Amino acid sequence: MCGQCGCGGESEITLLDPQAGRETAMAREASPGDPHEHVHADGTRHSHAHSHGDHGDHPRGDHSHDHGHHDHGHGHHHGHDGHQPHRHDHGGVRAPTVVVDLDAAILSKNDALAAKNRAWFAGREILALNLVSSPGAGKTTLLERTIRDLRQTLPLLVIEGDQATANDGERIRAAGAPAVQVNTGTGCHLDAEMVARGLMVLKPGVGSVVMIENVGNLVCPALFDLGERAKVVVLSTAEGEDKPLKYPHMFRAAQIMILNKIDLLPHLDYDVARAIANAHAVNPAIKTFLLSARTGEGLASWYDWLRGEAAAARNAAVG
């Protein structure tokens, strides 16, 4: 699934609908023409497409197939028990390889799906936000508090992303918002297809706000557009001030930085000004909110911004 970090692989992705009590496996089957990747002993990767007739992709386990390589044809057997790296030698001479940028292909496919999501949101005047953070920064707590405070005035729905369990989805539902849980298995981020599947379950109404809580990770979610209007990165005072410098791609991709858990500042050696300065060094345009989801301090500014963005989404559709 993710060429950048190698996550995903054979793991099963599931959608959990707490309202209906239904769990659905998301099939991510390779089509017959999809690239098949080889990794050589020296680390070189190359891929080529090959067909499996009318059977689509091959079953798991050991299998054999013959296929042609660039500029020379030859048949050979692959035992895919663990996908061990292998070499192609012809009379002691290593065969030339064709290097394909698989990461670019993965991201290009995701971007195309994200564009469809974005158009779908725009056509329904929906504000979609992608919340990202390290594990434990307080995304779910912030969503719970936001839902409880705004559910009478803003129709809020949530797509919850985690590797496993339905815990956060249940917390969101208990706070008063419809939610669908996407469990990614070994995957370390949501992608546009997962969000599209989640939307089919949630069915958000016109003018609603869809909060997408990504898997806790400050690396891969920066690379994957979900079709959102903005990325919101949540940083807590329990983390270092240098997080924006350590994870520049995430803070560069985000439009909003929320510095959460400011109620802990009296007990911590944390320099708020330095954290904000580091974020601005990476992304001068990033907007910052200081708040505590636990005590409610600073939430008014966050809520004002949310209302303004929701209104802008509706006005953009009208215009």
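Which strand holds the place of Asn130? Asn130 lies in strand β9, which spans residues 127-133. Strands (E, at least two residues) and helices (H or I, at least four) are DSSP runs, numbered from the N terminus.

This is a predicted model, where local features need pLDDT of at least 70, side-chain atom pairs count only at pLDDT 80 or more, and totals for chains, interfaces and linings use all residues. Residues are numbered from 1 along each chain as its sequence is written, and side-chain values use heavy atoms, with hydrogens and water left out.

Asn130 has a relative accessible area of 0%, so Asn130 is buried. Buried means under 20% relative accessible area, exposed means over 50%, and partly exposed lies in between (1.4 Å probe, protein chains only). Leaving aside neighbours within four places in sequence, Asn130 is in contact with Ile212, Asn214, Phe224, Leu226, Glu228, Ala230, Lys231 and Val232. Contact means heavy atoms within 4.5 Å.

Strand β9 belongs to an open sheet of nine strands. Their order is β2-β1-β11-β10-β12-β9-β13-β14-β15, and the pairing is mixed. Two strands pair if DSSP finds at least two bridges between them. At the edges stand β2 (22-26) and β15 (287-290); each has a single partner strand, so one side of each is left without a neighbour in the sheet. From one strand to the next, the twist averages 20°. Axes here are lines fitted to C-alpha atoms, for helices over the stretch in contact, and angles run from 0 to 180 degrees between N-to-C directions.

## Strand β14 and its partners

Strand β13 (residues 230-236) and strand β14 (residues 256-260) run parallel, joined by five bridges. Val233 has Met257 in β14 as its bridge partner. Ser236 stands opposite Asn260 in β14.

How many residues of β14 are buried? Five of its five residues are, so β14 is mostly covered. Ile256, Ile258 and Asn260 point one way, while Met257 and Leu259 point the other way.

Four bridges join β14 to β15, and these strands also run parallel. Ile256 stands opposite Lys287 in β15. From β14 the chain crosses through helix α7 (residues 272-282) to β15, in a right-handed β-α-β crossover. Right-handed means that, with the strands pointing away from the viewer, the path from the first strand over the helix to the second runs clockwise.

## Helix α7

Val272, Ala275, Asn278, Ala279 and Val282 are buried in α7. They cover an arc of only 130° around the axis, so they sit on the same side of α7. The arc is that of the directions from the helix axis to the C-beta atoms. On the other side of α7, Ala273 and Ala281 are exposed. The buried residues of α7 pack against α5 (243-246), α6 (248-253), β14 and β15.

## Cysteines and Ala179

A search of the whole structure finds zero disulfides. A disulfide is a pair of cysteine sulfur atoms within 2.5 Å. Cys188 is in no disulfide; its nearest cysteine sulfur, that of Cys220, is 3.4 Å away.

Ala179 is in strand β11 (residues 179-183). Ala179 and Leu199 are 20 residues apart in sequence, and 9.9 Å apart in space, C-alpha to C-alpha.

| Residue | Relative accessible area |
|---|---|
| Ala179 | 0% |
| Cys188 | 14% |
| Cys220 | 2% |
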